[in-house]
Structures are given as C-alpha cells and as structure tokens.
Amino acid sequence: MPKGNDIFLQNVSKVVVFIILAFALYLFFTGHGSPGGGFIAGLMTAGALLLLALSFDIETVRKVVPVDYKLLTAAGLLIALCTGTGALFFGEPFLKHAFGYFDLPLLGKTELHTALIFDLGVYLAVIGVTMTILLTIGEDN
Amino acid sequence: MSLLHLLTLSPFLIAALIPLLGKAVPRLHKGWFVAALSAALFTILLGYSADIRGGSPVIESFDWIPTLGISFTVYLDGLSLLFALLITGMGALVAVYSVAYMNPEEEDLTRFYILLLIFMGAMLGLVLSDNLLTLYGFWELTSVSSFLLIGYNHAKHRSRYGALKSLLITMTGGVGLLSGFILLYVMSGTYRIRELFEAGAPLVSEPLFLPAMLLILLGAFTKSAQYPFHIWLPDAMEAPTPVSAYLHSATMVKAGLYLVARLSPIFAGTSEWFWFVSLGGLVTLLYGSVGAVKQTDLKGILAYSTISQLGLIMCLLGLSSLAGVFDGEERLLYAAAGTAAVFHLLNHAAFKGALFMVAGIVDHEAGTRDIRKLGGLVQVMPVTFTISAFGALSMAGLPPFGGFLSKEMFLEAVIEPLHAGIFRLETWALLFPVIAWIASVFTFIYSALLVVRTFLGRRQEALSEAKIHEAPPLMLIPPALLAVLALALGLFPGLVAYSLIRPAAEAILPIVQASGERMPSDIKLWHGFTPALWMTVGIVATGTVLALTARRWIGLYSLFPPRLSINRLYDASLRFFERITVRVTSLYMNGSSRSYVKYILGFMLLVLGFILFNSTGITFRVGAYAQIAPYEWFILLGLTASALSVPFAKSRPVAIILTGAAGYLMTLMFVFLRAPDLALTQMVVESISVTLYLLCFYHLPKLRTERQAAKFRLPNFLVAVAVGVLVTLISLAVLGTNPFDPVSDYYVRESYESAGGKNIVNVILVDFRGFDTMLEIMVLGVASLGIYNMIKLRRKATDVGSRHVTHEGEEADDEAARLRKAQYGHDGPDAQPEDMPQSRTEGGEPDAER
C-alpha cells in the first residue's frame, strides 16, 4: 500500500475518524431501539480505521490501535458464545436472552439487555474480521 | 444446569483456563491441574455410587435446541458411572505420570494438556449423555482430540500418518453411527435413549431395524478397533505414551464397547446382533493375540494386545445378548457374560494401563522400545519389573490376579452357547470355545515374551554401557497403583462386584432386573474344578511350551503374504481416491475465475429456473406497482449508466469507482424506500469493499489493451443473458405472489413484547435468529483466518504430507522427501530447517516485535 502524504486528507481524517468512531458507538448502543447494531457499528469502526490507513499508512494504524485483530475476532466469538452459554446456567435454552428496565443515575429509566453483550461479540468479531482481511491484503508486498 | 452438567463440562472450562493458569504459576507443571481436576471429578462421581447401587439412576436435563429435539440430558446409571470413574480415575493417574514423562522444556505442554482435557470432557459427555445426538457430538469430539494427540509430534511423518489413519477410519464409522441414530429416530421418533428402550419390541419388525443396527455397529467397531478396522490402533502408538495409555487402551477405544453395551437393550435378542457382535469380537480376539506375538515394539505388542482384549469384551457383550431370548435360570447363565464383560473391562484398564506406563518408562530410561534390543533390565529396574510382572500375569490370566477371574468367566461364557440351540448355534457353537482357547494361548505367549525379553535374560551390549537406572518415583507411582489394583481385583473381587459391576451389568441387561432377578455377580477366586479351570491349565501348559520355543516357529509369520494385509489395502485405496479426486477436480477447477462465475451462475439458473418454472400460482402483476417518482428515475438512470460503463472502463480504478457508484446509488434508493438499516449497512459495506478492491487491484499487473477484438463466447453470453432475465422475472414474481403467510407479522408483534427491542431488524439478528448470527460471524472469522494464512504464511512448497507414507515403511520421512522432490523439484520446507521457522515468525507475527 502506498504511503499517503496528502496534507488535507491527513488533517481532515484526524478529526473525521473520531466522528465516525463516535457515530459507530452510537449505532452500537442504539441498535436495539433504532437503526444500528453490532454489525453496522463494527463495519463503521473498521471504516474509520481504514480511513486512517488510507490517509496515513498501515503502520500508523498499528501504532494507534496496537491490537492483534485475529485475537479481537476470537474475543468477539468467545463473548457471543458465552452469552449463549450463559442462558444454560439459568435453565434456559441456549442463546435465550433476558432484559429488564432499570433506573440508572444520569440515564434515567434504561433497558438493559443481554442481547447487547451478544451484539458486543458481533461488533468485535466484525471489526476483527474486516481489519484482519484489510491489513493482511494491504501489507502484502 | 446441574452439578452433573457442570462436572461434564468442567474439563472444557479448565482447558480454556490452562494457558492462564500456566502463566499464573509458571513453575508448576501443567499436568498437575489436569491431575487435580480428574481426582476431584473421580471423588465426586464416587459419591454417586451409593445412589446407583441402590438402583436409582440420576437424571438431569436441560433443553439445548428444543426445536430440534436436542437436549443435553445427563443420565448416570451403573454403566455410565463405571465408565466415568474409569475416565476420571485413569485420567488422574495418567496426568501424574505425564508430569514426569513430558519435559516442560522440550514439549508444548499447553497444547498437550488442552487436548487431553478436551478429550476427557468429550469422553465424559459421551458416557453421560442420554440424547443420541449429543452422544454423537461428543463421539466425534473424542475422534478429533485423539487425532490431534496422535499427531502431537506433527513434524514426524509417521505421527501424521497414524493420526490421519485413525481419523479417516473412526470418522467413517462416525458417519455410519450418525446415520444409524437417524434411522432409529425415523423408526421411533425420539433421540432419547431411555425412550428408545421403552419403544422396545415393535422396533424389531421395522424394515430399517437391520440397517440401523449395522450402521451403529460400524461406528462401534471402528472406534473399538475391531477387525478389520483395527489397523489404525497400532499406528496410533505414535502418540506420547501417556496418551496411548489413556486414550488407546483405557478409554477412547472402549467407547465402542460402551455404545454396544448401552444400546444392547434395543438390539439384544436378535440373531443378527448376536452374530455380528460376538463373532466380530471373537475374530478380533484371535487376530489381535496372534498378531501381538510377532511385534517387536513394546507399544506394538500392547496395541495388538489391546485389539485382542477389546475383541474379547465385544464377544462377551454379544454372548450376553442371548439372555434376551431365554427365561429364568437359563437367562441368568447367559447374563453372566455381561458381568464378565464389565469385570474384564475394569481389569483390562488396570493391567493394560500399568503395562503401557511401563513401556513408557523403559522407553524413557533405555531409549528404545524394541524388545530385540532390550533385556536384563531387572537388575537396574526392579520396581518397574515387578509392576510389569503384575500386569502381564493379570493379562495372561493367571491367579491370583483380576485377569484370571475375568478370563475364567469369559471361558465359562464361551462354553455356554453349546447348550443354546438357537440362531444356528447347534452347528457353530463349537467355534467359540475353540477360538477363545487358541487366542488365550497366544495371549499367554505374548504376555510372557513381553516381560521376559525386556527384563530377563542378558543385556544387549549397547544397553549395558549406558547408565540405566530406575525411573523417578512420580513415574512409578501411577503404574504401581494400577498393578496393585490388578492384584486387588483378583484377591478381593467383592470390593467392586456389588458396588460397581452389578449396577453396570444390569444397565446392559435391564431385562434381567425387569423379571425380578439380580445379575449374577458372585465373583470368587476359587470356584471349583470347572471346565474353565481345566481350559486355563491347558492354556498355561501349551503357552509355556510355545513361549519357550518361540524363536523356532516365529518364522511362520513371514509366510503370510504382505500383499494381502489390510494396511496395504488402506494405503492403496487412499492413493486411488487421491488420484480420482485430482482427476475429477482438475476437470472443472481450471483456475480461471471467469469459468467459476459461469458455474456458480449456471447452477443458480438451473435451481431457480426449475423452481420458478414448476411452482404454480405465480402471477406477474405488471403495471400494478407504485408510481416511480421523478427523483427515483434519476437514481435508476445513474445506476444503469454506471453499471453499463463498468466493462468499458479503461483502467481498473475507474471500474472500481463505477461499481462503487452503483452501490452508493443503491443506498440512496434504500433511503427513499424507507429502509434505514439497509441503507446504513449498504453504505458502510460499499465503502469498505471499494477500498478492499483498490487494495487487491493494487497488486495486479497493469491492465493491457488487447489489440485484437475480444472473441465472442456464446456460453458466457447465454449465461449472462439468462441470469439477467431470470432475476428480472423473479423480482416481478415476488411482488405478485404470496404463497405463505408473511413472517413479519410475528416479528412485529413479538419483538417489543418478548424481546424488548424496537428495531425489528436488530432483534431478529441478535435474538430470534441469534444462532444464525453466531454461526455467521464464526464463518467470517474462519474466512479471515483463511485469507491471513494464504497471504502471510505462504510457503515455498506444499508439504505432500503423510498420505504417501505407507504402513510398512520404516523410512517414512525419506520416502516423503523423495516424493516432494519428484513433485515440486526441490526439497520443500523440511530442507531448510534453519531458514523456515525464522521466515515464519517474520511473516506471521508482524506485530510481535513492535
């Protein structure tokens, strides 16, 4: 992958990356109630990192986010699997979710849902998969 | 979720934690974790024995995938308890032994113990599940973990050959087993073993009964290394010795026996079951014991001996099925074979476990397992000698060891069919005592040779110079315990007769208990001058003579033509199938992605076209659609324009950007159609895939302009046009046809009420169809790892692997190297042992150093 040296792109993306990441987080948390969810949020996050890689280079991404994305995939899968298995401990079938409404400080009445944990697994797995593929192909000479 | 469930799954849990535990206490050998877990499980299980003995099995259940009738039901009765105790008890001993055997500096212990724990968990699950499908799942998991453990030294060709062989054979059986289970389900409508027992007699008259039985037996026979599927077991001896002692003598190979015993209540009483099981066992018994005599490798002898002993137990299980045919006194006579089977199972675990561990000790201390090079070790290893003497005496069936008792019971059981007079036994019953006697003579011979040639006699020169000494105590304690157990089972059989053996035997033959009797289980050391005792006297006399003169007649074995061996058949068929596969695959896998696209689209055309053509009630309501707004026209025009201009693009980036434009216009379309989720996903996917395309195309050579005009290819043209037409037709038909009630109503109704979410799309993804999502991200993960492997771990040459190693070849590695050279023109990765690992770390873990 060529090393980028576009000043405008680099300076703009320094700001835009955070906007995208914040939007991705918003999409992730709002997923159960309005459009969004782990899958889209994961792709969006990967897109932000990709923008970073395009405007700077892959080294920068590795330095800024020093994560082994293969492990991230594995962690995501494990979280999804554990959420499913967790239901078994309460005598429920595999992957049965539970939810409830709680009164939390600052947030007010909030719905807490085990599906969100499952979605976190999806989120991490999607980031891991996308970034593994992109970085592997991008780094290849 | 109950204690029993937790108990079954705990090995998997510890397996996941092993790497962390190893880091937390780096100085402790990881084997201790396994030993501690196994010992704890053993103790807990022992606590259940009082209940089981009282005749009340423990049953705990929870639904796993209720819609498919799959539940994870744990059922603990006598038979399961015996096996579970065997698995955990042997597991603890083997783990302790392996602490001394496996050197933490040279071996990859984390991998070893994780695999061992996975195996233990799978085995526990296998013997405790009451649902045939979960049983099958655990069954295959034992095959897989055994495969990985045999191939533990994966740099060795012989290990890989042995691993692949065991996997191919046991998995073939596994497929048979699954089909058999499904046939049982078709007949009875249940996967629960307990419910199958209740379905009972009507099953026998079903036409599918015999196929189901044969398929299940195929699974059991391949797993338990019965003739002619036994060939994988000797090659499995490439595994580290603790593994051989644990998997390939005490536990995994007995899974087949467990299955036969467990399903006996369904099949017992039919002549096919009787003949297949007992005759299969009998042939294996003879074949194994005769084959063991000619082996020169200690573990080879033990492998063949294991085959033979498994055959013995299988034969006893077959004989016990006669109890289903008779009544009263006679029934008990035949049922005694069941007791004998269970008792011998226990004895075998004790003496064979001890002998395997001794083989490991000899290998460890003397550096060889070849009995031609050994001898005279008794002077330096007295304790090891005593242990192996105990084991061998029990194996040979001499008093006062446990093996003697169960061998006597076996001999009594093979005489019994002489009086049966059914299933054509009038003519053939004599086979049983005669073959059993011959096989026992050979068992005596190899037991004698095993001990005598290793420990007695003169020491070979090469060995006498080396400083051989007794093994460390940690390595001696587990086999010593087993040897003492082998003796104790003979002297005090009452210890286990009523607490363990009778409940287990009664689980095999519930019919006995149903008729108000108890299984005969009075096992006594002295039981009078019975015909069985006289047979034993004959065995010892003949065996002693033959063992002393062994060197004179051992040459007879070479008369057997090696061309006819089953191993040759296996090797040849493997090569044959490989050739066929290569030929067939190269017919359509020609490397041109253009033709792959053609195949994929062609297949889609066939299937979809067929369905569209054949289904009735399809209406094309042309003209009845919603109005297309003016701005939508713009988008459509743009879409068409960008799609059409892709083929005419002069450079790749332009083509990619045009494809991207089509995608983004589609996103806009989704927005107008009020599908925000779709639009969002489409937009992000489009952005990322355009970048991905750019990255990929960056690596491709420059696009050349062809001077001559492109050739017109009719097939490609036809496929392209047909796909276009078909997709248009389908999209038109979808709007006008509605053969089913839409499912969306259900989701609209339920997603807020029962799933607590307002976004139906997301609720479906993570909740209603969460299982799909989980598997999908798993597929994605595997795909990404595949890409990573393909690009980062590229090797200079593909290793041809162990498929070309034959069973006989001692110089397997040389042969494989020759083949590699012939195929690739150079030596491949093994030729540069210095270079390879280095380049692998460079390419493989780019972030490790940074």
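**Figure 1. Helices H2(B) and H3(B) are roughly antiparallel to each other.** In this predicted model, local features need pLDDT of at least 70, side-chain atom pairs count only at pLDDT 80 or more, and totals for chains, interfaces and linings use all residues. Residues are numbered from 1 along each chain as its sequence is written, while chains are lettered from A and ligands numbered from 1 in the order in which they are written. H2 of chain B covers residues 31–53 and H3 of chain B covers residues 78–101; the two pack at an angle of about 155°, with axes 8 Å apart. Axes are lines fitted to C-alpha atoms, for helices over the stretch in contact, and angles run from 0 to 180 degrees between N-to-C directions. The pair is therefore roughly antiparallel, a term for angles over 145 degrees. The crossing of H2(B) and H3(B) is left-handed (the near helix is turned anticlockwise from the far one by less than a right angle). Residues in the contact of H2(B) with H3(B) comprise 17 nonpolar, eight polar and no charged. Ala, Val, Leu, Ile, Met, Phe, Trp, Tyr, Cys and Pro count as nonpolar, Asp, Glu, Lys and Arg as charged, and the others, Gly among them, as polar.

**Figure 2. Chain B has 35 helices and two strands.** Helices (H or I, at least four residues) and strands (E, at least two) are DSSP runs, numbered from the N terminus. Of the 850 residues in chain B, 43% are buried, with 20 or more other C-beta atoms within 10 Å of their own, C-beta atoms being placed from the backbone.

**Figure 3. The largest nonpolar core has 208 residues.** A nonpolar core is a set of buried Ala, Val, Leu, Ile, Met, Phe, Trp, Tyr and Cys residues joined through C-beta atoms within 7 Å. Leu117(B), Leu316(B), Ala354(B) and Ala486(B) touch the most other members. Helix H14 of chain B (residues 328–366) gives the most to this core, with 22 residues. Apart from this core lies another, of 50 residues, including Ala41(A), Leu49(A), Leu135(A) and Leu780(B).

**Figure 4. Chain A is in contact with chain B through 50 residues of chain A and 46 of chain B.** Contact here requires C-beta atoms, placed from the backbone, within 7 Å. On the side of chain A that touches chain B, two or more residues each come from helix H2 (38–55), helix H4 (69–89), strand E2 (108–113) and helix H5 (114–139) of chain A. H5(A) gives the most, with 14 residues.

Methods. Buried ≥ 20, exposed ≤ 12 C-beta atoms within 10 Å, placed from the backbone. Contact = placed C-beta atoms within 7 Å. Parallel < 35°, antiparallel > 145°, perpendicular 65-115°, else oblique.
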